[in-house]
Structure formats: structure tokens, C-alpha cells
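Here's a quick briefing to read with the sequence and the 3D view side by side. Take a look at the picture, then work through the points below.

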Amino acid sequence: MIDTHDLKSRDHYLNKLIAFRDTEPVKVVTGIRRCGKSSLLKLMVQHLKGTGVADNQIIEMNFESHEFKKMNSDDFYDYVKARVLPEKRMYLFFDELQRIDHWEDTVNSFRVDFNCDIYITGSNAYLLSSEYSTYLSGRCVEIKMLPLSFQEFIDFHGFEVKEVKSALGGTKKVVFHESGDRYELREIFDAYMRFGGMPGIADVGLDQEKAMVLLDGIYSTVVVRDILEREKRRGQKQITDPVLLRKIILFLADNIGSTVSVSSIGNTLVNEGLLEAGKRKGTPSTHTVQAYISALMESYFFYDIKRFDIKGKEYLRTLGKFYIVDMGLRNYLLGFRNRDSGHAIENVVYFELLRRGYDVAIGKVDQAEVDFIATKTDEKLYVQVTESMVSEDVRRRELAPLQKIRDNYEKIVLSMDTGLDSSYDGIKSLNLIQWLLG
């Protein structure tokens, strides 16, 4: 049970739920396990009580609890019906609802039969897949939850960023912990890159051993409950091999931000003897690999990103990239290392852009590549990510693709070390950490 006194605020998501309060759509909070969905429902319950909603107008059910383990959709309906107060507006909160078969019929019945406002969470995109969306089409709003941003990580772990006078005149940002200790901002960022943003780590503290135990638990639950068990419940026979699943996870985790194809993963696995080659000699079962990757994306473990041809203004069918939802999980899987820190910071930027509400694609300009094109309804941003802008060669390489883009949208290069200039031909050079805090 989550102690509501210890709940740390996730205003970014809570404000979205509050904005949809008492509107017709079912509010669906999705995201990887343990990223804070249950706590968000608790925060919403707190908010309701704070605005005068009585306890008996709120029904909360967590389907991970033993109490509801054997429930079917009819029991689910009867349980709620028995607690609904006639003449009152009811607020229904259902956590990890994907465990109930045909939940969508029942939720639809609640909408029709009772005066209620409904909030649900799920750790699998299958919850909102095409089979279900027909029942709730146009009647649900999805709030996509991610692990902690860098700013949230600072708050959750008891740090505070303050401006202090710098030796060169002017000011600089430093970090103070609630214990009184003082840190450089870079140290806290390095901790974020190492431990990741799973909220539970704030409970065990920045202790490597405890963090790894926690991440191991999250990993196992995602793999067992959201992939292997769910596949069994669906009566599918495609994803049955935990060893193969782990190999694919390790491959994708090792290759974040790199161009990969399903066939290249298949070939690697065939060479390692983990996958039978297909009917035509030498070709692995692409279909099998694709099924495993889709399951990993449905459980919000990995996200894929498509390529967009900036000049041709169209999405390309060619190779995309994958990013892992949390750097802590990646370090748990692969161990700590510095050799691909460029891709690691790119991973962080990708998810920060998603948090800020952008649709994100990789940009292609002639033969060059822009790391991210981030778009909203009336806004576009071109982003390059690199570790340092100090070297002349790196600057040329990073700026060249952006210089080829002829429109007037904002173009930025994010790096850990921006060099001396803050802009080149109108392309801004920004410090990555400052941007994350912006």
C-alpha cells in the first residue's frame, strides 16, 4: 500500500488528470511498471478529497492485489455496483486493469449505468490496442507516463538547485542536499545517468547495490508479467523463450541510438545459435524477432523512432532506432561503462522531448542526419546531441546537417561542453544539463 503522506508530487501528470476531471472520457495512465502510475492515482484521490469529494464517493481497486486476483469481469461489475451511491457522483480508480479479461465491456457498462468519472492504469500498450479501442474509441484519453525527468530526480532525491556567485563574476548553479551537503550540478547529472529515473530508487537512496535489486525486480516483473504471462493469457505461442527475450533486450539496450533492423538482430542471434535460420537458408525468422520487439515496445521497455526526410517531407520505411525507457535499467542490464556515453545522453534527450509533448523523428537531409526533429501543432525544433562542441571537427560535423535545413524553425545543439560560442549562424549551442532544467 502506498503511504499517501510520502507521496512526492508529479505535477506534470497530475495537472493533466485534473484538466480532464469530470469529463466523459475514461482517463488511461500508461507506462512501464513502477514509473509512478499507482502513486499518480493516489495523488488524484488526494486532490479530489481536498476539493470536498467524500471518501465513500471514491472506489479504488488495484488488480495486483491478492484481494482481486481471482476476479472476472462479472465479479468486477458486481463489486463496483455494490459500492456505488445512487444520486452521487462516483470516482472509480482501477490500477493494472489489464489483468481482468474483458475489462473494457465492464468499464463501458460503468460509463453507461452510473454517474461516474473513471481513471485506469495499465503497464501494457495492449490495453489500448485496436481490439479494445473499438469499445472505448473516442471515449478515452491516454496520459503517457515516463520515469522521472532530471528535474524530478533532483526533487525526489532531496536536492535543490541554487544560484551562487561564481569566481569569474556572474552566477553559477550548484546543488544543495537536504542534509546540507553541496554538490556540483554535473555530479547530480552523473548520478541520474547511473541510477536512472525509477521513482522507487528515491526510497532506497543512491546506493548502487540497493538500486540494482530494485531494478532487477522491475525487469523481472516486466518480462514475466507483462510479456510472458500476458502472451499466455492471450493464447499466443510466439513469445515463450525467456532466454531469447533477454538476448533481444540486451541487443537493443546495447544499441540504443544506433540504426538497427530486425534482420540485423536476427542475424546476430542466429550466429549465436539462439535462433533457427528461416526456410531460406541463412535467413533468421524475422517474424519471431519482430514479435519479441513488439512485446517489448508494448510493455514500454523500448521506444522506436522513425526517420523523416526533411526535403521530401515524408516518413521513410528505412531503418529506425530504439531507445530504452530508463538509463538505470540499461546499466542494470549491461553494467556501467563510458564507451557510448554519446548515445546515452541522446537517449535522455529523446525522452525529455517526449515529456515536453513533442512528436519526435530522426531527420534525414540528403545523406546527413539530424538527431531529432521535434514537432508540436504549431512548433518545430531541430536538435543535435553531442558530448562536446569544443573541437572544430565535431562542430563542423554537428552543424552541417542543420545548416542544410532551409526553414526558419529553431535549431539547437545540446552538449555537455558547449565551447565558447553560444550560437553559429543562428544555430544555438546549449548546455544539455541547463536545457534539461529549463
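**A helix with a buried face**

In helix α11 (residues 262-271), the buried residues include Val262, Ile265, Gly266 and Leu269. "Buried" means under 20% relative accessible area, "exposed" means over 50%, and "partly exposed" is in between (1.4 Å probe, protein chains only). Helices (H or I, at least four residues) and strands (E, at least two) are DSSP runs, numbered from the N terminus.

Keep in mind that this is a predicted model: local features need pLDDT of at least 70, side-chain atom pairs count only at pLDDT 80 or more, and totals for chains, interfaces and linings use all residues. Residues are numbered from 1 along each chain as its sequence is written, and side-chain values use heavy atoms, with hydrogens and water left out.

**More on α11**

- Looking down the axis of α11, you'd find its buried residues within an arc of 100°, so they line one face of the helix. The arc is that of the directions from the helix axis to the C-beta atoms.
- Those buried residues of α11 pack against α10 (242-254), β9 (259-260) and α12 (286-298). Contact here means heavy atoms within 4.5 Å.
- After α11 comes Gly273, with a positive phi near 75°.

**The sheet**

- Strands of a sheet pair through backbone hydrogen bonds, either parallel or antiparallel.
- Here, 5 strands make an open sheet in the order β2-β3-β4-β1-β5, and the pairing is parallel. Two strands pair if DSSP finds at least two bridges between them.
- At the edges you'll find β2 (58-62) and β5 (140-144), each with a single partner strand, so one side of each has no neighbour in the sheet.
- From one strand to the next, the twist averages 15°. Axes are lines fitted to C-alpha atoms, for helices over the stretch in contact, and angles run from 0 to 180 degrees between N-to-C directions.
- Strands β3 (residues 90-95) and β4 (residues 116-122) are a parallel pair with 5 bridges, and Phe94 sits opposite Ile120 in β4.
- Helix α1 (residues 11-19) packs on the sheet, touching β1 (26-30), β4 and β5, and its direction makes about 170° with that of β5.
- Helix α2 (residues 37-50) lies across β1, β2, β3 and β4, running at about 165° to β3.

**Cysteines**

- How many disulfides does the structure hold? It has 0 disulfides, where a disulfide is counted as a pair of cysteine sulfur atoms within 2.5 Å.
- Cys35 is in no disulfide, and the nearest cysteine sulfur, that of Cys140, is 17 Å away. Cys35 is buried, at 0% relative accessibility.
- Cys140 is in no disulfide either; the nearest cysteine sulfur to it is that of Cys116, 14 Å away. With a relative accessible area of 27%, Cys140 is partly exposed.

**Loop residues to look up**

- Asn124 is in the loop between β4 and α5 (130-136). Is Asn124 buried or exposed? At 1% relative accessibility, Asn124 counts as buried.
- A polar atom of the Asn124 side chain lies 2.9 Å from the backbone oxygen of Asp226.
- Leaving aside neighbours within four places in sequence, Asn124 is in contact with residues including Gln98, Arg230 and Tyr300.
- Tyr300 itself lies in the loop between α12 and β10 (302-309). Tyr300 isn't a glycine, yet it has a positive phi of about 60°, and at 9% relative accessibility it counts as buried.
- His102, in the loop between β3 and α4 (103-113), isn't a glycine but has a positive phi of about 60°. His102 is partly exposed, with a relative accessible area of 49%.

Technical notes: Polar contact = N/O pair within 3.5 Å; in protein donor to acceptor, adjacent residues only side chain to side chain.
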